[in-house]
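Morning, everyone. Please have the sequence and the model open while I talk. I'll go through the sheets, then the helices around them.

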Amino acid sequence: MRFSGFSKLSAAGKLNKLVEEGILDAEALNSLTTFQPKDPLAQSLFEKMAENVIGTFPTPYSIAPGFLINNKPYVVPMVTEESSVVAAASWSARFWTERGGFRTKVISETKIGQIHFLWSGDPGLLSQNSPAIFSRLRSSVVHLTKSMEYRSGGITGFELLNLTNSLERYFQIRVSFLTADSMGANFINSCLEMMAAELCRATEELIPVADSPEIIMSILSNHTPDCRVECMVECPIPELAGIRGVEDPADFARRFSLAVQIATIDPYRAVTHNKGIYNGIDAVILATANDFRAVEAAGHAYASIGGQYRSLTSISIDNNIFRYTLEVPMAVGTVGGLTKAHPMAALSLKILGNPTAGELMQIAASVGLANNFAALKALTTTGIQAGHMPLHQRKQKQ
Ligand code: MEV
């Protein structure tokens, strides 16, 4: 096997092997060296983050200044490779700061974990015994939940689901968690695996007439509709004046509203619309070393929650007030994971004033709404090429 033992080689050994195999040449080695952290501490940090590390892949680290969120000013770090995203967020931040800023609230921070299992006994018996089983499950993880409870987190509920109509013998225990300022994936997964073992013991003891459950898997769910944040901007329609390309604010509001309605009824447009929201959200999630795959997956699932993929934003124009709202799920942390271990993530959190997880949800949502507002403004006025992508075009010409 050409690459057997590759993972055991030192970083230099891996490079040699790739040269030997003709995968890397001198030019490639030069690129890798150019972007290699000079500080050995940083290098060893990256080597610990993933496997088979042979280099780092730098991406621009930018600042979008001038956000006003719930009357508090923020300077927001953004990591993105897409030109014009930071400029668009900054433009929007300034525009809305002059009109009262972003109003946000965390709707809830509940996350879900699932124990998936097969059981051939009488579902009625399982249901009757579920309070006793839940209590045993809870007790089995007290040593894990104690410190989380101290931080106002922990397990907040259990639910038994009989899904035997969809899959033979298939049941699920759905556990609700609050994870304070951590994203909580490790905590949730540790609790679930321990509780799954206890589920087998408790069921055997409480319902001896049936076989023990067969645990299929225990894992958190990245579908987080109840870990959700709302973000809104509003102003009287005449205050929409002053945007380049807008001569008539009422007509701008009408066209903007139509763009949102189109993204609500047409999934092809909705995906692009929501992608523009994640231009902003992902950049903040990346800058704080949070899990952008989890955040995106949750967002797109939430966009489909009514059975059809839709815009994550909604608009209302009542009594001459333009009100634009984003509602989005988001499981993030400001402690644990890489949030402090990655020096750039720690820096981002410091720049943001060391927010709680809830605050970070509100900041990221505001940047998402800012980017989407800038995109729709450009699309419904000057067009995206003139309004939104001049930097991109400049880069292409270089
Ligand atoms: C480009 O990255 C994002 C946009 O396509 C978003 C949108 O169309 O709303 C401009």
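Start with an open sheet of four strands, ordered β3-β8-β10-β9, where the pairing is antiparallel. Its edge strands are β3 (103–109) and β9 (313–318), and each pairs on one side only. Pairing here means that DSSP finds at least two bridges between two strands. On average, neighbouring strands of this sheet are turned by 15° against each other, direction ignored.

Some ground rules. This is a predicted model, with local features needing pLDDT of at least 70 and side-chain atom pairs counting only at pLDDT 80 or more, while totals for chains, interfaces and linings use all residues. Residues are numbered from 1 along each chain as its sequence is written, and side-chain values use heavy atoms, with hydrogens and water left out. Helices (H or I, at least four residues) and strands (E, at least two) are DSSP runs, numbered from the N terminus. Axes are lines fitted to C-alpha atoms, for helices over the stretch in contact, and angles run from 0 to 180 degrees between N-to-C directions.

Back to β3. It pairs with strand β8 (residues 227–236) in the antiparallel sense, over six bridges. Thr 104 stands opposite Cys 231 in β8.

What lies across β9 and β10? Helix α8 does, running at about 145° to β9. Helix α9 (residues 267–287) also packs on the sheet. α9 touches β9 and β10, and its direction makes about 75° with that of β10. Contact means heavy atoms within 4.5 Å.

α8 has a helix partner as well. The axes of α8 (residues 249–265) and α12 (residues 357–380) come within 10 Å and cross at roughly 115°. That makes α8 roughly perpendicular to α12. The classes are these: under 35 degrees is roughly parallel, over 145 roughly antiparallel, 65 to 115 roughly perpendicular, and the rest oblique. From α8, Phe 252, Arg 255, Phe 256, Ala 259 and Val 260 meet Phe 373, Leu 376, Lys 377 and Thr 380 in α12. By type, the residues of this contact divide into six nonpolar, one polar and two charged. Nonpolar is Ala, Val, Leu, Ile, Met, Phe, Trp, Tyr, Cys and Pro; charged is Asp, Glu, Lys and Arg; the others, Gly among them, are polar.

Next sheet. Four strands again, open, in the order β5-β6-β4-β7, with antiparallel pairing. The edges are β5 (154–162) and β7 (214–220), each pairing on one side only. Neighbouring strands in this sheet are turned by 15° against each other on average, direction ignored.

Look at β4 (residues 111–118). It pairs with β6 (residues 170–178) in the antiparallel sense over eight bridges. Phe 117 stands opposite Phe 171 in β6, and His 116 has Gln 172 as its bridge partner there. Six bridges join β4 to β7, and the two run antiparallel. Ile 115 has Ser 218 of β7 as its bridge partner.

Is β4 buried or exposed? Eight of its eight residues are buried, so β4 is largely enclosed by the rest of the structure. Buried means under 20% relative accessible area, exposed over 50%, partly exposed in between (1.4 Å probe, protein chains only). Lys 111, Gly 113, Ile 115 and Phe 117 point one way, and Ile 112, Gln 114, His 116 and Leu 118 the other.

Last stop: Asn 189, in helix α7. Asn 189 is buried, with a relative accessible area of 18%. Not counting residues up to four places away in sequence, Asn 189 touches Ile 219 and Leu 220.
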